[in-house]
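Here is a short report for a reader new to this structure. Please look at the sequence and the 3D view before reading on.

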Amino acid sequence: MNDSITMKVNIDSLIMQAIQEDITSEDISTNAVMPEYQKGRVELICKQDGIIAGLPVFQRVFELLDDTVEFEMHAKDGDAVKAGERLAVLTGDIRALLSGERTALNYLQRMSGIATYTNSIVKLLADGKTKLLDTRKTTPNMRVFEKYAVKVGGGSNHRFNLSDGVMLKDNHIGAAGSITKAVQMAKEYVSFVHKIEVEVENLDMVREAVEAGADIIMLDNMTPEQMKEAVRIIDGRALTECSGNVTKENIKKILDVGVDFVSSGALTHSAPIMDISMKNLHAI
């Protein structure tokens, strides 16, 4: 995300949509108190402990409003930060600083919250082989930011979108008629470079998915005992993933079941924001 080309190709249009949502014609509050250019300075202050993520996006909001704004960064994405810490100082047109404040903070607070929550779960998994994954349960038009924040927090990304990989869930299996038929049809349709993942809900489905040649088997909403037996049945013939309402509070239940991955929608749909503010704005 620090790559300027990546930023322009994938992110600028999304940021501009967010800015346009907040400024449909003008910022009447700012224009009322600051009708003309005035250079100013403001500090970015962290108000709680956590993992910071999204500073390049925060910066980009202001650059799109005024490319003369200057940034003095005291932290970088992935840093563990403390309450009261000054993360950055911004200098530029006060009108841009005021108009971009909420949009920039919305990104930074949301992304830092996700990184912080993700990191807290990654630490719980640190002594085992199981890797933490996100899901597609993301905020519309925020996926690129939220999945990036998961990586900053130490997690890994599952498929990015429906074009990124094959996942045959219960309704795909129902549409095809069986796991065996669904896997067969997927293998005939997609390129050999794509792996095929199958979601299963019981041990009979596990056996069928293995025999059908699934590359990854997702154990959905199974008990720890069922997952252990599933891993034994699979016996290394496919990668294993468990899923189903996994949160920081209950993830300890699956620590020793032996799956390769655990995916959690909570990383992106339930992480609380991190409290960060822009403070001490003044003219210079």
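Which residues have the most contacts inside the largest nonpolar core? They are Leu44, Val198, Val200 and Leu219.

## Basis of the report

This is a predicted model: local features need pLDDT of at least 70, side-chain atom pairs count only at pLDDT 80 or more, and totals for chains, interfaces and linings use all residues. Residues are numbered from 1 along each chain as its sequence is written, and side-chain values use heavy atoms, with hydrogens and water left out.

## The nonpolar core

The largest nonpolar core has 78 residues. Such a core is a set of buried Ala, Val, Leu, Ile, Met, Phe, Trp, Tyr and Cys residues joined through side-chain atoms within 4.5 Å. Buried means under 20% relative accessible area, exposed over 50%, and partly exposed in between (1.4 Å probe, protein chains only). Helix α4 (residues 94-124) gives the most to this core, with 11 residues.

Leu44 has contacts (heavy atoms within 4.5 Å) with several residues. Leaving aside residues up to four places away in sequence, its partners include Leu55, Phe58, Leu105 and Met278.

## Helix α4

Helices (H or I, at least four residues) and strands (E, at least two) are DSSP runs, numbered from the N terminus. α4 has 31 residues and spans 44 Å from first C-alpha to last, close to the expected 45 Å. The expected span is 1.5 Å times one less than the number of residues.

α4 also has a kink of about 50°, centred on glutamate 101. The bend at a residue is the angle between axes fitted to the seven residues ending there and the seven starting there.

## Aromatic pairs

The model has three aromatic pairs. Rings of Phe, Tyr and Trp (its six-membered ring) pair if their centres lie within 6.5 Å; planes under 30 degrees apart count as stacked, over 60 as edge-to-face and the rest as tilted. Phenylalanine 62 and phenylalanine 71 form a tilted pair, 6.5 Å centre to centre with 50° between the planes. Together with Phe58, they form one aromatic cluster.

Tyrosine 107 and phenylalanine 145 have ring centres 4.7 Å apart and planes at 45°, so this pair is tilted. It links helix α4 to helix α5 (residues 143-152), across 38 residues.

## Strand β1

Six of the eight residues of β1 (residues 39-46) are buried, so the strand is largely enclosed by the rest of the structure. Strands pair if DSSP finds at least two bridges between them. Seven bridges join β1 to antiparallel β5 (residues 86-93). There, lysine 39 stands opposite aspartate 93. Six bridges join β1 to β12 (residues 276-283), also antiparallel. In β12, alanine 283 is the bridge partner of glycine 40.
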